[in-house]
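Open the model in your viewer and keep the selection tool at hand. The stops below go from strands to charged pairs.

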Amino acid sequence: MSLEGKVAVVTGATRGCGRAIAVELGRAGATVYVTGRTTRESASPLKRPETIEETGELVEAAGGRAVVVRCDFTSVSDVDALKARIESEVDGIDILVDDVWGGDMYFHFDAPFWETPLEDALTLTHNALDTHLIALHKLLPLVVARRGLVLEVTDGDNDDYVGAGLPYYLAKCGIRALGRALGVELKKNDCVGLAVTPGFLRSESMLDHFEVTEENWRDAVGKLAPVDFKISETPYLLARGVAALAQDPDVARFAGRTLASWTLMKEYGYTDVDGDRPDFGRWITEVRNAGKDPATTPPTNFR
């Protein structure tokens with residue numbers, strides 16, 4: 001299968017899973033609208049160095065066609081402008097990947113909710129949930145026009161609370177709920193909707209947080225990073241699964257579900273970019289939830 005001739009829109013494509021997904025969709029042959037807030041001329045409040053132009057260059061280097069568009073998904077007028085541009089250039093969207101987040105500055109895992117700033121909680125949920133609703137409201141008509149696929153990107157494949165703070169939990173559960181609802185609503189228009197999630201992600205910001213690089217990330221395990229980090233994955237593990245879903249003629253069988261990177265890895269038989277096959281879901285079930293000592297459990301058992 002190939003995505004040649006297909007049009008994809010990836011929101012939040014500046015870095016992390018959004019960037020990797022844009023690259024892998026381009027590698028499969030799609031024209032990818034690379035959207036996000038940070039450009040070489042204008043940074044987002046996150047003040048990260050990655051830009052949508054860099055993502056576009058990676059898409060092109062992988063063999064795809066990139067259309068780079070600055071878009072702040074908290075702004076209805078920005079999304080209206082994005083929609084107008086897409087409509088002027090193509091006749092619809094085949095794949096919409098909704099990966100907006102923008103909450104890194106606003107979550108608090110280490111204090112009771114009532115002792116954290118309310119404004120941070122409201123900003124996090126605005127950035128993480130309202131943005132998805134705005135994108136869906138404006139762009140779904142273009143997806144319906146092509147009987148396309150919508151993927152909501154979240155964190156976690158179930159609604160168990162793992163102590164990440166109330167606003168974060170609300171945001172990620174909300175995205176899974178959108179995936180379930182889209183599975184039902186989009187079926188009425190011969191489209192498919194679902195949600196996807198990575199595991200413990202070695203994103204650019206996570207590597208910076210633990211003061212390592214992709215080359216030496218294992219040095220952080222059990223030091224600056226928790227022991228679970230040894231079952232971490234690059235953003236490309238999920239991205240390769242998204243590309244496989246987009247090329248699957250029977251993708252409707254997954255409508256409404258939340259599929260994890262490790263589930264997709266086993267379903268479609270691929271590896272991470274380093275050849276690894278980290279199964280973070282099994283690690284959580286068989287180590288953390290089973291009360292085993294993660295420090296003495298070999299990571300090779302979960303690959």
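The tour begins with some ground rules and then moves from stop to stop.

This is a predicted model, in which local features need pLDDT of at least 70 and side-chain atom pairs count only at pLDDT 80 or more, while totals for chains, interfaces and linings use all residues. Residues are numbered from 1 along each chain as its sequence is written, and side-chain values use heavy atoms, with hydrogens and water left out.

Select residues 95–98, strand β4. Strands (E, at least two residues) and helices (H or I, at least four) are DSSP runs numbered from the N terminus. Ile95 and Val97 point one way, Leu96 and Asp98 the other, and all are buried. Buried means under 20% relative accessible area, exposed over 50%, and partly exposed in between (1.4 Å probe, protein chains only).

Two strands pair if DSSP finds at least two bridges between them. Val10 has Val97 as its bridge partner in β4.

Now select Arg48 and Glu50, which form a salt bridge with the closest N and O atoms 2.7 Å apart. A salt bridge is a side-chain nitrogen of Lys or Arg within 4 Å of a carboxyl oxygen of Asp or Glu. Glu50 is buried at 7% relative accessible area, and Arg48 is buried at 17%.

Last, select Arg282 and Glu286, whose side chains meet in a salt bridge (3.0 Å, N to O). Both lie in helix α9, four residues apart, about one turn of the helix. Arg282 is partly exposed at 30% relative accessibility, as is Glu286 at 31%.
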